[in-house]
Amino acid sequence: MILITVMFYLMAAIALGSALYVAASKNLVRSVFMFFVTLFALAGLYVLCLADFVAITQVVVYVGGILVLILFAFMLSGRELLSGLQQQTNRLIAINKLPALMLAVLFFIVLVNIFLKANIDNASWISQSIAQKNVITVTDVTVNGIGVNLMTNYLLPFEAISILLLMALVGAAHLSRKEGEAA
Amino acid sequence: MITLTHYLVLSGALFCIGLYVILAKQNAVQILIGVELMLNAAILNLVAFGRFDKLNSSGQTFALFAIILAAAATAVALAIVLNVYRRYKTIDPGRINELKD
């Protein structure tokens, strides 16, 4: 139990630190690579929540797919994109970003207040599911349950999301054509 | 013992960092990274609560759906960013201020 606590705080510290670095860094490529670290730490947190399949999917889809896509976009759009980015971020940084900082911090304070007042650990449906032993324990295999539920309970959302994914990919391929071929 | 409140506070912090990135950055790709951070905060909540639903495994299933949606959204958004860069030679959302014609 103590090891789980230590791992949680370690992963949380890594995730928050790298996310803060993403927010603070002026170097675009470096912030993208720190976002890698955030995503890996979040995958570790999913494992601590006993959601191993979601953690693997996070690593495969986010790290293997989305971040590589973002890096591709950089490399394909040429050097002007990167150099143009760096010259924008040197003057009046503090005053420019003060409203955003204030909004984020105040929103965080509001959220934490809500979380502490909600007392979610004693919510009725959670204590009910603990009483009915509906909680995932460490020795359970969750992948079977996900597979069966995906094909029975959640078949409609599954199909809807497949069609949405197909539409998004066709749309992305259409959007990224060269202008001349369109006619 | 790690309770649900720990996960809620952590995901709230990640969400607010994402909010700050979206508001403060003058670069469409970094704004996209902020959106991804906010989505990940939501997925963390789904997974943390999904622990208490073993039979239906609703939390984990919808976490998977959210990850797939994020992938689709990123693909389209990056294609749009590339198009915008081709037309305006900048991806600062504050300087994209005219329509096509």
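## Exercises on a predicted two-chain model

Of the 101 residues of chain B, 57% count as buried. The model is predicted.

**Exercise 1.** Work out which secondary structure chain B has, and whether the chain is spread out or compact.

*Solution.*
- Step 1: Count the elements. Chain B has three helices and zero strands.
- Step 2: Read them from the N terminus. The order is α-α-α.
- Step 3: Compare sizes. The radius of gyration of chain B is 17 Å, well over the 13 Å from the globule rule for 101 residues, so chain B is more spread out than a compact globule.
- Step 4: Look at the box. Along the principal axes, the C-alpha atoms of chain B fill roughly 55 × 25 × 15 Å.

**Exercise 2.** Describe the side of chain B that touches chain A.

*Solution.*
- Step 1: Count residues. In chain B, 62 residues are in contact with 72 residues of chain A.
- Step 2: Find the elements. Helix 1 (4-24), helix 2 (28-50) and helix 3 (58-88) of chain B each give two or more residues to this side.
- Step 3: Pick the largest share. Helix 3 of chain B gives 21 residues.
- Step 4: Sort by type. This side of chain B has 41 nonpolar, 16 polar and five charged residues.

**Exercise 3.** Examine helix 3 of chain A: where is its kink, and what covers its buried residues?

*Solution.*
- Step 1: Check the span. Helix 3 (residues 52-76) of chain A reaches 34 Å, close to the expected 36 Å.
- Step 2: Locate the kink. A kink of about 30 degrees is centred on A:Tyr62.
- Step 3: Check burial. A:Tyr62 is one of the buried residues of this helix, which include A:Val54 and A:Ile66.
- Step 4: Find the cover. It includes helix 2 (28-48) of chain A, together with helix 2 and helix 3 of chain B.

Key. Residues are numbered from 1 along each chain as its sequence is written. Chains are lettered from A and ligands numbered from 1 in the order in which they are written. This is a predicted model: local features need pLDDT of at least 70, side-chain atom pairs count only at pLDDT 80 or more; totals for chains, interfaces and linings use all residues. Two residues are in contact if their C-beta atoms, placed from the backbone, lie within 7 Å. Helices (H or I, at least four residues) and strands (E, at least two) are DSSP runs, numbered from the N terminus. Ala, Val, Leu, Ile, Met, Phe, Trp, Tyr, Cys and Pro count as nonpolar, Asp, Glu, Lys and Arg as charged, and the others, Gly among them, as polar. The expected span of a helix is 1.5 Å times one less than its number of residues. The bend at a residue is the angle between axes fitted to the seven residues ending there and the seven starting there. A residue is buried if 20 or more other C-beta atoms lie within 10 Å of its own, exposed if 12 or fewer, and partly exposed in between; C-beta atoms are placed from the backbone. The radius of gyration is taken over C-alpha atoms; the globule rule is 2.2 Å times the number of residues to the power 0.38.
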